[in-house]
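Here is a short report on a predicted model. Keep the sequence and the 3D view open while you read.

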Amino acid sequence: MKKRKIYFVCPSVSVPFGGIKQIYKYVNILNNHGYNATVLLKKKRKRDNIWYRDTKISYHYELLKNIENSNNSKERKNSFYERLKLFYNNLFSHPIEKDALFVFPEIYGKSFHKTIPNHQYVILNQNCYYTFQGYGFDYNEKNPYLDKNCLGTIIASENAQKYFNVAFPTLGLYRVRLGIDTHIFSFENKKKKKIAFMPRKLAEDSLQVINILKARKKMDAWEFFPIDNMDEQEVAKHLKESVFFLSFNHREGFGLPPIEAMSCGCFVIGYSGQGGKEYFKEEFSCLVEQGNIIDFVEKIESHALEYYENPTLFSEKGKIASQFVMKNYSLENETQDWISAWEKIISQC
(Lines give C-alpha, C1' and ligand atoms only; values in the text may rest on other atoms or scores of the structure.)
Protein backbone atom coordinates (compact mmCIF):
# COMPACT_ATOMS: atom_id res chain seq x y z
CA MET A 1 0.00 0.00 0.00
CA LYS A 2 2.90 2.37 0.71
CA LYS A 3 3.82 2.34 -2.99
CA ARG A 4 0.42 3.57 -4.11
CA LYS A 5 1.05 6.87 -5.92
CA ILE A 6 0.08 9.98 -3.94
CA TYR A 7 -0.37 13.21 -5.91
CA PHE A 8 -0.24 16.49 -3.97
CA VAL A 9 -2.16 18.95 -6.14
CA CYS A 10 -0.32 22.25 -5.86
CA PRO A 11 -0.53 25.79 -7.27
CA SER A 12 2.45 26.75 -9.43
CA VAL A 13 4.56 29.60 -8.05
CA SER A 14 8.11 30.71 -8.85
CA VAL A 15 9.09 30.60 -5.17
CA PRO A 16 7.19 28.23 -2.83
CA PHE A 17 5.99 30.02 0.33
CA GLY A 18 3.61 29.44 3.24
CA GLY A 19 1.27 26.51 2.67
CA ILE A 20 2.81 25.71 -0.70
CA LYS A 21 6.21 25.34 0.94
CA GLN A 22 4.60 22.90 3.40
CA ILE A 23 3.30 20.76 0.52
CA TYR A 24 6.82 20.35 -0.83
CA LYS A 25 8.05 19.43 2.65
CA TYR A 26 5.30 16.85 3.15
CA VAL A 27 6.06 15.15 -0.15
CA ASN A 28 9.70 14.81 0.90
CA ILE A 29 8.75 13.39 4.30
CA LEU A 30 6.56 10.70 2.73
CA ASN A 31 9.20 9.72 0.18
CA ASN A 32 11.83 9.51 2.91
CA HIS A 33 9.61 7.03 4.73
CA GLY A 34 8.94 4.62 1.88
CA TYR A 35 5.84 6.20 0.32
CA ASN A 36 5.50 7.18 -3.35
CA ALA A 37 4.52 10.86 -3.35
CA THR A 38 4.89 13.70 -5.84
CA VAL A 39 3.92 17.35 -6.20
CA LEU A 40 1.46 17.72 -9.09
CA LEU A 41 1.79 20.99 -11.00
CA LYS A 42 -0.11 22.32 -14.00
CA LYS A 43 2.70 22.63 -16.53
CA LYS A 44 6.44 22.31 -16.82
CA ARG A 45 8.35 25.60 -16.79
CA LYS A 46 12.03 26.47 -16.77
CA ARG A 47 11.97 27.67 -13.17
CA ASP A 48 10.14 24.67 -11.75
CA ASN A 49 11.78 22.95 -8.81
CA ILE A 50 14.88 25.15 -8.58
CA TRP A 51 14.18 25.72 -4.88
CA TYR A 52 13.53 22.09 -3.93
CA ARG A 53 15.58 20.04 -6.35
CA ASP A 54 15.12 16.80 -4.41
CA THR A 55 11.31 16.99 -4.46
CA LYS A 56 9.50 14.74 -6.92
CA ILE A 57 7.46 16.76 -9.42
CA SER A 58 4.80 15.60 -11.89
CA TYR A 59 2.68 17.58 -14.34
CA HIS A 60 -0.86 17.33 -15.66
CA TYR A 61 -2.10 20.41 -17.48
CA GLU A 62 -5.65 19.28 -18.28
CA LEU A 63 -6.42 17.98 -14.79
CA LEU A 64 -5.08 21.06 -13.00
CA LYS A 65 -6.93 23.32 -15.41
CA ASN A 66 -10.18 21.45 -14.69
CA ILE A 67 -9.56 21.71 -10.94
CA GLU A 68 -8.94 25.45 -11.20
CA ASN A 69 -12.16 25.86 -13.22
CA SER A 70 -14.22 23.48 -11.07
CA ASN A 71 -16.08 26.24 -9.20
CA ASN A 72 -17.06 28.06 -12.38
CA SER A 73 -20.62 27.12 -13.29
CA LYS A 74 -20.36 28.56 -16.81
CA GLU A 75 -19.42 26.14 -19.55
CA ARG A 76 -16.13 27.14 -21.12
CA LYS A 77 -15.57 26.81 -24.86
CA ASN A 78 -11.92 26.37 -25.69
CA SER A 79 -10.54 28.44 -28.53
CA PHE A 80 -8.17 26.98 -31.10
CA TYR A 81 -5.30 28.53 -29.12
CA GLU A 82 -6.49 26.86 -25.90
CA ARG A 83 -6.81 23.49 -27.63
CA LEU A 84 -3.31 23.88 -29.04
CA LYS A 85 -1.94 24.81 -25.62
CA LEU A 86 -3.74 21.81 -24.11
CA PHE A 87 -2.21 19.48 -26.71
CA TYR A 88 1.29 20.87 -26.18
CA ASN A 89 1.21 20.80 -22.37
CA ASN A 90 -0.30 17.33 -22.29
CA LEU A 91 2.87 16.07 -23.96
CA PHE A 92 4.56 16.64 -20.57
CA SER A 93 1.63 15.35 -18.52
CA HIS A 94 2.09 12.32 -16.30
CA PRO A 95 -0.48 9.54 -16.86
CA ILE A 96 -2.56 9.14 -13.71
CA GLU A 97 -2.63 5.62 -12.24
CA LYS A 98 -6.06 4.05 -11.67
CA ASP A 99 -5.37 3.52 -7.96
CA ALA A 100 -3.70 6.91 -7.39
CA LEU A 101 -4.50 8.90 -4.25
CA PHE A 102 -4.84 12.68 -4.38
CA VAL A 103 -4.16 15.31 -1.75
CA PHE A 104 -5.94 18.64 -2.28
CA PRO A 105 -5.29 21.92 -0.48
CA GLU A 106 -8.42 23.56 0.92
CA ILE A 107 -8.06 26.53 -1.44
CA TYR A 108 -9.69 24.78 -4.42
CA GLY A 109 -13.20 25.30 -3.09
CA LYS A 110 -16.32 23.15 -3.19
CA SER A 111 -16.20 21.14 -6.44
CA PHE A 112 -12.61 20.02 -7.07
CA HIS A 113 -13.46 16.40 -6.14
CA LYS A 114 -15.74 16.15 -9.20
CA THR A 115 -12.67 16.29 -11.44
CA ILE A 116 -11.50 12.90 -10.09
CA PRO A 117 -14.77 10.98 -9.53
CA ASN A 118 -13.03 7.58 -9.52
CA HIS A 119 -10.18 8.38 -7.14
CA GLN A 120 -9.88 8.55 -3.38
CA TYR A 121 -8.43 11.71 -1.89
CA VAL A 122 -7.38 13.53 1.26
CA ILE A 123 -7.89 17.24 1.97
CA LEU A 124 -4.89 19.07 3.38
CA ASN A 125 -6.59 21.95 5.16
CA GLN A 126 -3.93 24.39 6.33
CA ASN A 127 -6.43 27.18 6.98
CA CYS A 128 -9.87 26.15 8.16
CA TYR A 129 -11.17 29.66 7.49
CA TYR A 130 -10.89 28.97 3.74
CA THR A 131 -13.09 25.88 3.98
CA PHE A 132 -16.22 27.54 2.57
CA GLN A 133 -14.36 29.65 0.00
CA GLY A 134 -16.31 29.67 -3.26
CA TYR A 135 -19.65 28.85 -1.61
CA GLY A 136 -22.81 30.92 -1.70
CA PHE A 137 -25.62 30.74 0.83
CA ASP A 138 -27.16 27.88 -1.13
CA TYR A 139 -25.16 25.28 0.81
CA ASN A 140 -25.23 21.79 -0.67
CA GLU A 141 -24.29 18.76 1.44
CA LYS A 142 -22.54 17.22 -1.57
CA ASN A 143 -19.28 18.92 -0.68
CA PRO A 144 -15.78 17.41 -0.92
CA TYR A 145 -15.40 16.88 2.84
CA LEU A 146 -18.38 14.51 3.06
CA ASP A 147 -17.93 12.70 -0.26
CA LYS A 148 -17.55 8.90 -0.15
CA ASN A 149 -14.09 9.15 -1.75
CA CYS A 150 -12.73 11.48 0.93
CA LEU A 151 -10.42 9.58 3.29
CA GLY A 152 -10.23 12.45 5.75
CA THR A 153 -8.81 15.90 6.38
CA ILE A 154 -5.38 16.81 7.70
CA ILE A 155 -5.29 19.91 9.91
CA ALA A 156 -2.56 21.86 11.71
CA SER A 157 -3.99 23.30 14.93
CA GLU A 158 -6.27 22.82 17.93
CA ASN A 159 -8.40 25.67 16.62
CA ALA A 160 -8.92 23.90 13.27
CA GLN A 161 -9.90 20.74 15.11
CA LYS A 162 -12.61 22.62 17.01
CA TYR A 163 -13.77 24.25 13.75
CA PHE A 164 -14.30 20.92 12.00
CA ASN A 165 -15.79 19.22 15.03
CA VAL A 166 -18.55 21.83 14.79
CA ALA A 167 -18.83 22.11 10.98
CA PHE A 168 -18.53 18.41 10.07
CA PRO A 169 -18.79 16.26 13.24
CA THR A 170 -18.47 12.96 11.33
CA LEU A 171 -15.36 13.98 9.36
CA GLY A 172 -12.18 11.96 9.85
CA LEU A 173 -9.55 14.39 11.19
CA TYR A 174 -5.77 14.02 11.44
CA ARG A 175 -3.97 16.67 13.49
CA VAL A 176 -0.38 17.24 12.40
CA ARG A 177 1.72 19.71 14.36
CA LEU A 178 3.74 22.03 12.16
CA GLY A 179 7.48 22.07 12.72
CA ILE A 180 10.35 24.45 12.10
CA ASP A 181 14.08 23.84 11.77
CA THR A 182 15.24 24.80 15.25
CA HIS A 183 18.86 24.63 14.09
CA ILE A 184 18.16 27.59 11.79
CA PHE A 185 15.62 29.31 14.05
CA SER A 186 17.67 28.99 17.23
CA PHE A 187 17.80 31.04 20.40
CA GLU A 188 19.98 34.16 20.44
CA ASN A 189 20.53 36.24 23.54
CA LYS A 190 22.37 39.18 21.97
CA LYS A 191 19.69 41.55 20.75
CA LYS A 192 19.52 44.97 19.12
CA LYS A 193 16.80 47.56 19.64
CA LYS A 194 15.02 46.03 16.68
CA ILE A 195 11.39 45.13 16.06
CA ALA A 196 10.64 42.68 13.25
CA PHE A 197 7.35 42.18 11.40
CA MET A 198 6.07 40.74 8.12
CA PRO A 199 4.53 43.47 5.92
CA ARG A 200 2.47 41.11 3.74
CA LYS A 201 0.38 40.11 6.78
CA LEU A 202 -2.53 42.55 7.29
CA ALA A 203 -0.63 45.45 5.76
CA GLU A 204 -3.45 47.87 6.60
CA ASP A 205 -2.93 47.14 10.31
CA SER A 206 0.87 47.06 10.33
CA LEU A 207 1.00 50.40 8.51
CA GLN A 208 -1.20 52.00 11.16
CA VAL A 209 0.62 50.51 14.14
CA ILE A 210 4.13 51.37 12.97
CA ASN A 211 3.29 54.84 11.68
CA ILE A 212 1.50 55.75 14.91
CA LEU A 213 4.55 54.61 16.87
CA LYS A 214 6.82 56.73 14.67
CA ALA A 215 4.52 59.73 14.91
CA ARG A 216 4.53 59.54 18.71
CA LYS A 217 8.38 59.59 18.71
CA LYS A 218 8.66 57.54 21.89
CA MET A 219 10.53 54.78 20.12
CA ASP A 220 12.96 56.68 17.91
CA ALA A 221 15.81 54.52 19.20
CA TRP A 222 14.19 51.37 17.79
CA GLU A 223 14.50 49.96 14.27
CA PHE A 224 11.32 48.62 12.67
CA PHE A 225 12.45 45.89 10.29
CA PRO A 226 10.14 44.40 7.59
CA ILE A 227 10.88 40.74 6.85
CA ASP A 228 9.94 40.03 3.24
CA ASN A 229 11.34 38.15 0.21
CA MET A 230 14.05 36.39 2.26
CA ASP A 231 15.14 32.80 2.60
CA GLU A 232 15.04 31.03 5.96
CA GLN A 233 18.65 31.86 6.83
CA GLU A 234 18.07 35.59 6.30
CA VAL A 235 14.78 35.54 8.21
CA ALA A 236 16.44 33.78 11.15
CA LYS A 237 19.33 36.26 11.17
CA HIS A 238 17.01 39.23 11.63
CA LEU A 239 14.78 37.46 14.15
CA LYS A 240 17.82 36.63 16.26
CA GLU A 241 18.71 40.33 16.35
CA SER A 242 15.18 41.44 17.29
CA VAL A 243 13.81 41.93 20.80
CA PHE A 244 10.20 42.01 19.59
CA PHE A 245 8.26 40.41 16.76
CA LEU A 246 4.89 41.88 15.79
CA SER A 247 2.30 39.28 14.82
CA PHE A 248 -0.35 40.30 12.30
CA ASN A 249 -1.85 36.84 11.96
CA HIS A 250 -5.29 37.05 10.35
CA ARG A 251 -7.70 34.10 10.52
CA GLU A 252 -4.83 31.67 10.26
CA GLY A 253 -5.05 27.91 10.39
CA PHE A 254 -1.93 28.11 12.53
CA GLY A 255 0.57 30.85 11.58
CA LEU A 256 4.27 29.86 11.54
CA PRO A 257 6.11 33.24 11.65
CA PRO A 258 5.44 33.92 15.36
CA ILE A 259 6.72 30.42 16.17
CA GLU A 260 9.92 31.08 14.21
CA ALA A 261 10.34 34.36 16.10
CA MET A 262 9.78 32.70 19.48
CA SER A 263 12.34 30.05 18.64
CA CYS A 264 14.88 32.85 18.05
CA GLY A 265 14.11 34.36 21.44
CA CYS A 266 11.77 37.17 20.39
CA PHE A 267 8.99 38.44 22.62
CA VAL A 268 5.94 38.26 20.32
CA ILE A 269 3.25 40.94 20.49
CA GLY A 270 0.09 40.88 18.40
CA TYR A 271 -2.77 38.88 16.94
CA SER A 272 -3.16 35.13 17.34
CA GLY A 273 -5.24 34.81 14.16
CA GLN A 274 -7.31 32.18 16.05
CA GLY A 275 -4.99 29.31 15.12
CA GLY A 276 -2.14 30.83 17.13
CA LYS A 277 -4.04 30.74 20.41
CA GLU A 278 -2.29 27.50 21.33
CA TYR A 279 1.16 29.14 21.41
CA PHE A 280 0.37 32.69 22.57
CA LYS A 281 1.31 32.05 26.20
CA GLU A 282 1.26 35.03 28.56
CA GLU A 283 4.56 34.01 30.16
CA PHE A 284 6.49 34.80 26.98
CA SER A 285 4.19 36.74 24.62
CA CYS A 286 1.51 39.43 24.59
CA LEU A 287 -1.84 38.90 22.87
CA VAL A 288 -3.66 41.82 21.24
CA GLU A 289 -7.33 41.69 20.28
CA GLN A 290 -7.70 41.48 16.51
CA GLY A 291 -7.97 44.95 14.99
CA ASN A 292 -7.36 46.89 18.22
CA ILE A 293 -4.75 49.24 16.78
CA ILE A 294 -4.43 51.56 19.78
CA ASP A 295 -4.02 48.69 22.24
CA PHE A 296 -1.38 47.23 19.92
CA VAL A 297 0.55 50.52 19.96
CA GLU A 298 0.27 50.96 23.72
CA LYS A 299 1.42 47.42 24.44
CA ILE A 300 4.51 47.81 22.22
CA GLU A 301 5.44 51.06 23.97
CA SER A 302 4.80 49.55 27.39
CA HIS A 303 6.98 46.49 26.74
CA ALA A 304 9.70 48.63 25.15
CA LEU A 305 9.83 50.74 28.34
CA GLU A 306 9.95 47.57 30.40
CA TYR A 307 12.84 46.35 28.26
CA TYR A 308 14.81 49.55 29.02
CA GLU A 309 14.34 48.93 32.73
CA ASN A 310 15.00 45.17 32.72
CA PRO A 311 16.43 43.66 29.51
CA THR A 312 17.34 40.46 31.39
CA LEU A 313 13.65 39.76 31.93
CA PHE A 314 13.06 39.62 28.17
CA SER A 315 16.08 37.42 27.69
CA GLU A 316 14.57 34.97 30.16
CA LYS A 317 11.16 35.13 28.47
CA GLY A 318 12.81 34.58 25.08
CA LYS A 319 14.59 31.49 26.39
CA ILE A 320 11.34 30.04 27.75
CA ALA A 321 9.61 30.75 24.41
CA SER A 322 12.38 29.06 22.46
CA GLN A 323 12.27 25.97 24.69
CA PHE A 324 8.48 25.81 24.29
CA VAL A 325 8.82 25.82 20.49
CA MET A 326 11.59 23.20 20.48
CA LYS A 327 9.46 20.91 22.63
CA ASN A 328 6.22 21.26 20.69
CA TYR A 329 6.96 22.35 17.11
CA SER A 330 10.14 20.57 16.05
CA LEU A 331 10.65 18.93 12.67
CA GLU A 332 10.84 15.60 14.49
CA ASN A 333 7.35 16.07 15.96
CA GLU A 334 5.99 17.16 12.60
CA THR A 335 7.45 14.11 10.85
CA GLN A 336 6.16 11.77 13.54
CA ASP A 337 2.64 13.23 13.34
CA TRP A 338 2.66 13.20 9.53
CA ILE A 339 3.71 9.56 9.19
CA SER A 340 1.29 8.50 11.94
CA ALA A 341 -1.55 10.23 10.07
CA TRP A 342 -0.67 8.56 6.78
CA GLU A 343 -0.43 5.11 8.34
CA LYS A 344 -4.03 5.56 9.49
CA ILE A 345 -5.14 6.98 6.12
CA ILE A 346 -3.58 4.16 4.11
CA SER A 347 -5.11 1.55 6.42
CA GLN A 348 -8.55 2.63 5.14
CA CYS A 349 -7.70 1.87 1.50
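## Salt bridges across the chain

Glu-334 and Lys-25 join their side chains in a salt bridge, 2.8 Å from N to O. Glu-334 belongs to helix α10 (residues 331-347) and Lys-25 to helix α1, so this pair ties together parts that are 309 residues apart in sequence. A salt bridge here is a side-chain nitrogen of Lys or Arg within 4 Å of a carboxyl oxygen of Asp or Glu. Helices (H or I, at least four residues) and strands (E, at least two) are DSSP runs, numbered from the N terminus. Glu-334 is buried, with 1% relative accessible area. Lys-25 is partly exposed at 25%. Buried means under 20% relative accessible area, exposed over 50%, and partly exposed in between (1.4 Å probe, protein chains only).

The structure holds twelve salt bridges. One of them joins Glu-232 to Lys-21, with the closest N and O atoms 3.0 Å apart. This pair also links distant parts of the chain: Glu-232 sits in helix α6 (residues 232-241) and Lys-21 in helix α1 (residues 18-32), 211 residues apart. Glu-232 is partly exposed at 29% relative accessibility. Lys-21 is partly exposed at 25%.

## How the model is read

The model is predicted: local features need pLDDT of at least 70, side-chain atom pairs count only at pLDDT 80 or more, and totals for chains, interfaces and linings use all residues. Residues are numbered from 1 along each chain as its sequence is written, and side-chain values use heavy atoms, with hydrogens and water left out.

## A buried pair and a network

Lys-201 and Glu-252 form a salt bridge through their side chains (2.9 Å, N to O). Lys-201 lies in the loop between β8 and α5 (203-216), and Glu-252 in the loop between β10 and α7, so the pair ties together parts that are 51 residues apart in sequence. Lys-201 is buried at 16% relative accessibility. Glu-252 is buried at 11%.

Salt bridges also link Lys-192, Lys-194, Lys-237 and Glu-241 in a network.

## The seven-strand sheet

Seven strands make an open sheet in the order β3-β2-β1-β4-β5-β6-β7, with parallel pairing. Two strands pair if DSSP finds at least two bridges between them. The edge strands are β3 (57-59) and β7 (173-175), and each pairs on one side only. On average, neighbouring strands of this sheet are turned by 30 degrees against each other, direction ignored. Axes are lines fitted to C-alpha atoms, for helices over the stretch in contact, and angles run from 0 to 180 degrees between N-to-C directions.

Which strand partners does β1 have? Five bridges join β1 to the parallel strand β2 (residues 36-41). Phe-8 has Val-39 of β2 as its bridge partner. Three bridges pair β1 with strand β4 (residues 101-105), again in the parallel sense. Ile-6 faces Leu-101 in β4. Five of the five residues of β1 (residues 5-9) are buried, so the strand is largely enclosed by the rest of the structure. In a regular strand the side chains alternate between the two faces of the sheet. Both faces of β1 are covered: Lys-5, Tyr-7 and Val-9 on one side and Ile-6 and Phe-8 on the other are all buried.

## Around β6

Strand β5 (residues 121-124) and strand β6 (residues 150-155) run parallel, joined by three bridges. Leu-124 stands opposite Ile-154 in β6. Helix α4 (residues 158-167) lies across β6 and β7, at about 170 degrees to β7.

Asn-149 is in the loop between β5 and β6. Asn-149 is buried, at 13% relative accessible area. Its side chain reaches the backbone oxygen of Pro-117 at 3.0 Å. Neighbours within four places in sequence aside, Asn-149 is in contact (heavy atoms within 4.5 Å) with Pro-117, His-119, Gln-120 and Tyr-121.

## Strand β10

Seven of the seven residues of β10 (residues 242-248) are buried, so this strand is largely enclosed by the rest of the structure. Four bridges join β10 to strand β8 (residues 192-197), and the two run parallel. Ala-196 stands opposite Phe-245 in β10. Five bridges join β10 to the parallel strand β11 (residues 267-271). Phe-248 stands opposite Tyr-271 in β11.

Technical notes. Polar contact = N/O pair within 3.5 Å; in protein donor to acceptor, adjacent residues only side chain to side chain.
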